[in-house]
Amino acid sequence: MSTTTEPVSLWRNRDFTLLWSGQVVSNLGAAISGTAMPLLVLGVTGSPADAGLVGAAGTLPHLIANLPAGPLVDRWNRRRIMVGAEAFAGLALLGVPIALWSGVVSTALLCLVAFVQGLCFVFFGLAERAALPMIVPVAALPTAIAHNEARSRGAALAGPPLGGVLFGVDRALPFLVDGLSYLVAAGALIFLRKDLQVERTQAAEPLWRSAATGLRYLWGHRLVRAAILLLAVGNLVFQALVLVIVVLARQQGASSTAVGVMLGLYSVGGLLGALAAGRFHRHFAPRTVIIGINWIWAALLPLMAFTTHPLQIGAIGAACAFVGPLWNVVMVTYASVLVPNELLGRVTSAAMTLTWGVMPIASLGAGFLLTAIGPVGSVWVLAAIMLGAAVVGTASPAVRNAPPMPVEVPPARP
């Protein structure tokens, strides 16, 4: 892994370009089907609780699979993991249009498809994050992470309107498009050339002991530990919020196309934030990012309780999403440079178990809140949780005394 500080053009890096381009297609497809899935569940069952159940199934792998997946990503061939994950996710998504055309679609089937898609996402995400420092030099790593953020945010911008429109044309169409997009991305990954692993010099530990190594490493850094716990709260809130605002918009009479436009507008802020983060990340210390972003979210969320139109919801969401990429770029760069690469899969999986493992709880909680107190009451509950996180983050000594961003690459362990 290079330690040069010279400027590097990522677009001359063949492997990065292949990986990035393939994921543009895959992310766009996932955003399209992600918008269509709750609309399909609501259309088939009319139940927000069922929509929450399918959402929980899709995020359950983050809770149960992240921790064991990390050691496997550090042991197995990362290229093969990424290709296999994309291929299996594509086949799972293609099962939805087949079920719709056959008249056998059900909540249980959609839960299964969502679970397989989520499981593939876990393995692919861990493998990609661990492989990225092997593909690009350290000097270009923050820029590469920012490009990946822009990729995801751009897909989240274009995907929801497309998902809404395609769903309006034919319920099966968004899932057909997503399934094919996964297969295209898998094909692109086959042509990666670089070795994506650090050569192992020690015998592999037992799986669960290896997973515990990642947890111990993560928990030993007070700032990273605090940031991970705060990010878990933020993920819980915003995962629940997606279903809440879809139901809120539907309650206000929004069509499926209007819901897609609302979610697309929400994503405009994320895309602009990703572009800004690539340029300005070096000007913000981790302490400023963690405290400031939590307070911005705490201030913006209550405004959704007073909205009367889906476009207003989208505009508030855009403001929330604008600051998210800065958090990701600063903290992911911090971890990627600090953690030895042979541990990066395990440490990342430990972090994602905590930060993404809350998502099935969030989806189930959103369904329960919507049934019990409706969308406006649900917004107030989520806003209160976010306010609590902002207060705790500000009071945390680990956050207030956070060290600056590391600039040296740690040597590989002997």
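Buried means under 20% relative accessible area, exposed means over 50%, and partly exposed falls in between (1.4 Å probe, protein chains only). The views below show a predicted model, where local features need pLDDT of at least 70, side-chain atom pairs count only at pLDDT 80 or more, and totals for chains, interfaces and linings use all residues. Residues are numbered from 1 along each chain as its sequence is written, and side-chain values use heavy atoms, with hydrogens and water left out.

**View 1. Glutamine 312 in helix α12.** Let's start with glutamine 312, which sits in helix α12 (residues 310-338). Helices here are DSSP runs (H or I, at least four residues), numbered from the N terminus. Glutamine 312 has 37% relative accessibility, so it counts as partly exposed. Leucine 265 is 47 residues away from glutamine 312 in sequence, with 9.5 Å between their C-alpha atoms.

**View 2. Helix α1 alongside helix α5.** Here α1 (residues 14-45) and α5 (residues 107-135) have axes that come within 12 Å and cross at roughly 160 degrees. Axes are lines fitted to C-alpha atoms, for helices over the stretch in contact, and angles run from 0 to 180 degrees between N-to-C directions. The two helices, α1 and α5, are therefore roughly antiparallel (over 145 degrees). The crossing of α1 past α5 is left-handed, as the near helix is turned anticlockwise from the far one by less than a right angle. By class, this contact of α1 with α5 has ten nonpolar, five polar and two charged residues. Nonpolar covers Ala, Val, Leu, Ile, Met, Phe, Trp, Tyr, Cys and Pro, charged covers Asp, Glu, Lys and Arg, and the others, Gly among them, are polar.

**View 3. Helix α1 meets helix α2.** On the α1 side, Met37, Val41, Leu42 and Thr45 touch Pro48, Asp50, Ala51 and Val54 of α2 (contact means heavy atoms within 4.5 Å). Sorted by class, the residues of this α1 and α2 contact are six nonpolar, one polar and one charged.

**View 4. Valine 83 in helix α4.** Valine 83 belongs to α4 (residues 78-102). Setting aside neighbours within four places in sequence, valine 83 is in contact with Ala186, Leu189 and Ile190. Alanine 185 lies 102 residues from valine 83 along the chain, yet their C-alpha atoms are 8.0 Å apart.

**View 5. Helix α11 and its buried residues.** Among the buried residues of α11 are Pro286, Ile290, Trp297 and Leu300.

Key: Angles under 35 degrees count as roughly parallel, over 145 as roughly antiparallel, 65 to 115 as roughly perpendicular and the rest as oblique.
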